[in-house]
Amino acid sequence: MAIRKILVEGDPLLNKVSRDVMEITPRIKVLIEDMIETMNDAQGVGIAAPQVGVLRRICIITNAEMEPKVLINPEIIASEGEQNGSEGCLSIPGYVGEVVRPQKITVRYNNEDMKEIVEDFEDFAAVVASHEIDHLYGILYRQKADQMYDLDDLQDEE
């Protein structure tokens, strides 16, 4: 396992659409392990493969216990409600933004055994899953944010 470099806003790879994963190869297994290690090292709650320079439809999200969940080829198939909250991103360090996301989403994805799963995510989990799935389409949360704040400015106000 290795900690990979996290690409930051401005890198053109972050704006590209990722390709589906057709099978779990040894390289995909290593990628998943590296993504988890990289996310944990950066103290993130989610990460998508494009953030480490790989245009594959894989993202990792954490649950309330901070255990990683691997989503391969995820697709939001339903959503309901609305919530507005502050988001950050490992690829946009030093900033947070106010983003409107669904309160609940239903996601169809494959697990690490390529078994298809349909799962509901609510509240914060819906935010994290939506955010990471956006990365797979080349979308950064800044594109959806109503407002962006520099964390240094917010700390100066305290």
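The following legends describe close-up views of a predicted model. Because the model is predicted, local features are reported only at pLDDT of at least 70 and side-chain atom pairs only at pLDDT 80 or more, whereas totals for chains, interfaces and linings use all residues. Residues are numbered from 1 along each chain as its sequence is written, and side-chain values use heavy atoms, with hydrogens and water left out.

**Figure 1. The open sheet has the strand order β1-β2-β3-β6-β7.** Its five strands pair in the antiparallel sense; two strands count as paired if DSSP finds at least two bridges between them. Helices (H or I, at least four residues) and strands (E, at least two) are DSSP runs, numbered from the N terminus. β1 (46-48) and β7 (116-122) are the edge strands, each pairing on one side only. The average angle between neighbouring strands of this sheet is 40°, direction ignored. Axes are lines fitted to C-alpha atoms, for helices over the stretch in contact, and angles run from 0 to 180 degrees between N-to-C directions.

**Figure 2. Bridges connect β2 to β3 and β3 to β6.** Strand β2 (residues 58-62) is joined to strand β3 (residues 68-80) by five bridges. Within this pair, I61 has K69 of β3 as its bridge partner. Six bridges join β3 to β6, again in the antiparallel sense, and here I76 is partnered by V107 of β6. Strand β3 also holds N73, whose phi is positive, near 55°, although the residue is not glycine. Most residues other than glycine have a negative phi. N73 is buried, with a relative accessible area of 14%; buried means under 20% relative accessible area, exposed over 50% and partly exposed in between (1.4 Å probe, protein chains only).

**Figure 3. Strands β6 and β7 form a hairpin.** Seven bridges pair the two strands, which are antiparallel, and Y109 stands opposite I117 in β7. Five residues separate the strands of this hairpin, where M114 takes a positive phi near 65°. Five of the seven residues of β6 are buried, so the strand is mostly covered. T106 lies in β6 and counts as buried at 15% relative accessibility. Leaving aside residues up to four places away in sequence, T106 touches E75, I76, I77, A78, V118, E119 and D120, where contact means heavy atoms within 4.5 Å.

**Figure 4. Helix α1 lies across β1, β2 and β3.** The helix comprises residues 26-41 and runs at about 40° to β2. Its 16 residues should span 22 Å at 1.5 Å a residue, and the end C-alpha atoms are 22 Å apart, which agrees. The expected span of a helix is 1.5 Å times one less than its number of residues. The buried residues of α1 are I28, L31, I32, D34, M35, I36, T38 and M39, and they pack against β1, β2 and β3. An α-helix has 3.6 residues a turn, so residues three or four places apart point the same way. After α1 comes Q43, with a positive phi near 60°. Q43 lies in the loop between α1 and β1 and is exposed, with a relative accessible area of 73%.

**Figure 5. Helix α2 is largely enclosed by the rest of the structure.** Spanning residues 124-136, α2 lies across β1, β2, β3, β6 (104-110) and β7, at about 160° to β2. Of the 13 residues, 11 are buried, including A126, V127, H131, I133 and L136. G138 follows the helix with a positive phi, near 80°.

**Figure 6. L55 lies in the loop between β1 and β2.** L55 and S18 are 37 residues apart along the chain, yet their C-alpha atoms are separated by 4.4 Å. Excluding residues up to four places away in sequence, L55 touches L13, K16, S18, R19 and P50.

**Figure 7. The charged end of R142 sits over the ring of Y95.** The separation from the ring centre is 5.4 Å. A charge sits over a ring if NZ of Lys or CZ of Arg is within 6 Å of the ring centre and within 35 degrees of the ring normal.
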